[in-house]
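Subject: A structure for you to explore

Hi,

Here is the protein I promised to pass on to you. Have a look at it first, and then read on for what turned up in it.

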Amino acid sequence: MFDDNELEAAKKLFLVIHNHRYDFLYQTESNPDEWKTVVKPDGLNYKSYILRDDQILDIISGANTVIKTGFRNVKDVEYLSCRFGKFTRYFALDIDSDKNEYYNLETVNKLCEITKHLGEPLFIRSSFTGGWHLRWYFTEEIKTYNLAVYLKDLFTKNDFTIQGGKFEVFPNIKSDPKALYQGLRLPCQRGSGLLSLYDGRVTAKWDEDPKLFLIHWADEVKKNLIDIKYLSELINNEFINPRSKSWNKEYIELKENGFTRTSQTNYILKNIAKGLIVFESITDVNDLTKALCEWLDKKNNGLSEEYNKSKKSAYAWCKRWAVCALKQYKPLNKMVKKKVNNNSKRALSAQYDHQLDKAFKDGLINSEMSIRRIEQITGISKSVIQRRLK
């Protein structure tokens, strides 16, 4: 038996953990063998195409739900799958049951041994087909890409072959910054079961009571939460690429200490830009330009000759390095295919945004001034200022 407070707490935990709702996948009762990604037509607001709390709660309670995809409603949605965003509070392994050499308790025992430094996973029967999910949950969110790199290294160096339909790791390493992470079936749906890590027996079944099953799931999650501080330190210290480890150390020192002498602007902005891409997964030229400008404001330490001579000129260096770095790097030093001209325009726009924001904060300009006066003070053209002020 359970009370309403336990159930509400379990629902809240489930929704907080599975909080990335964009580009989700669904399966319908009329077409149970195919996963489809929800489609948002160009130009429309994302609001109608984000997976809502009530839709998730419908599914885990055993009711079908209605979702919007393209220009139509789908009314017989039976199962849901979520992708990963920039941050995540869990990772998972998927072991399919069909003719799979990994589908045995010996494999589960080995996986638990490999990950014992992290903590015990939840062992879940994912659906009526009998496939297995092992899921680890964290106290807080962690960078998804860094976690994906660490997990791939951890399992491949322990002789596991990561392969679709056999043994899959979630989150996966994306082939390109703009690609989507693979989707994973949400737990606590029809056919789910909690299993014992020791002998594989079923300890709780969804079809006996979906509400009680959700409470059992939440109890197990809370008992096995991984401390995010420990996990972050672990990942940062164990990059698969030795050069990445060296880069990471240098980047942390540069980011924290800033300029230590003159004549460093070119060298230091190049390496901060590289670090923001490789270790913080910033792959949008606007975001990267702004991050570089903000860091330069805080950490120039009065030693950047370019910054002391002209902030505008120094911000232009930030723009150039954002564009150059994105041409050369993405996480783990793979090429990012981007058009330089488009990137330059977008980076310049970000530079102007930062200049105007800083001028407002420093009290050099205010909203009562004429556009011409703002142009004289900042050196930014009137047409750009007018667009920004709007």
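By class, the lining of the second largest pocket holds 10 polar, 7 nonpolar and 5 charged residues. If you colour the strands, you can find β1 (25-28), β4 (72-82), β8 and β9, each of which supplies at least two residues of that lining. Please keep in mind that this is a predicted model.

Now for the protein as a whole. The chain has 390 residues, and 48% of them count as buried. There are 14 helices and 11 strands, and the C-alpha atoms fill a box of roughly 75 × 45 × 40 Å along the principal axes. Among contacts with a separation of 6 or more, 69% are between residues 24 or more positions apart. The accessible surface comes to about 19,800 Å², and carbon and sulfur atoms account for 48% of that area.

Rolling a probe the size of a water molecule over the atoms shows where empty space is left. How many cavities of 30 Å³ or more does a search of the whole structure find? The search finds 2, and the largest cavity has about 60 Å³ of space. Residues that line the largest cavity include Ile17, His18, Cys82, Arg83, Phe84 and Tyr90. Strand β5 (residues 87-95) gives the most to this lining, with 3 residues. The lining of the largest cavity divides into 5 nonpolar, 5 polar and 1 charged.

A disulfide is a covalent bond between the sulfur atoms of two cysteines. The count in this model is 0 disulfides. Cys293 is in no disulfide either: the nearest cysteine sulfur, that of Cys318, is 4.0 Å away, whereas the cut-off for a disulfide is within 2.5 Å. Cys293 is buried too, with a relative accessible area of 0%.

Finally, a few spots in the backbone are worth a look. Most residues other than glycine have a negative phi, and most peptide bonds are trans. Here are the exceptions I would show you:

- Phe170 and Pro171 are joined by a cis peptide bond, with omega about 5°. Pro171 is in the loop between β8 (167-170) and β9 (184-185).
- Asp159 is not a glycine, yet its phi is positive, about 70°. Asp159 sits in the loop between α4 (144-156) and β8, and counts as exposed because its relative accessibility is 64%, while the cut-off for exposed is over 50%.
- Ser263 has a positive phi as well, near 60°. Its place is the loop between α7 (242-257) and α8 (265-280), and with a relative accessible area of 62%, Ser263 is exposed.

Best wishes

How values were computed: Residues numbered from 1 in each chain as written. Predicted model: local features only at pLDDT ≥ 70, side-chain atom pairs only at ≥ 80, totals over all residues. Heavy atoms only, no water. 1 Å grid on protein atoms, 1.4 Å probe; cavity = no way out; pocket = protein on both sides within 12 Å on 5 of 7 lines; lining within 4 Å. Points joined across faces, edges and corners; volume = space filled by probe spheres on them. Helix = DSSP H or I, 4+ residues; strand = E, 2+ residues; numbered from the N terminus. Nonpolar A, V, L, I, M, F, W, Y, C, P; charged D, E, K, R; others polar. Buried < 20%, exposed > 50% of the residue type's maximum accessible area, 1.4 Å probe, protein only. Contact = heavy atoms within 4.5 Å. Areas by Shrake-Rupley, 256 points an atom, 1.4 Å probe, with all protein chains shown as cover.
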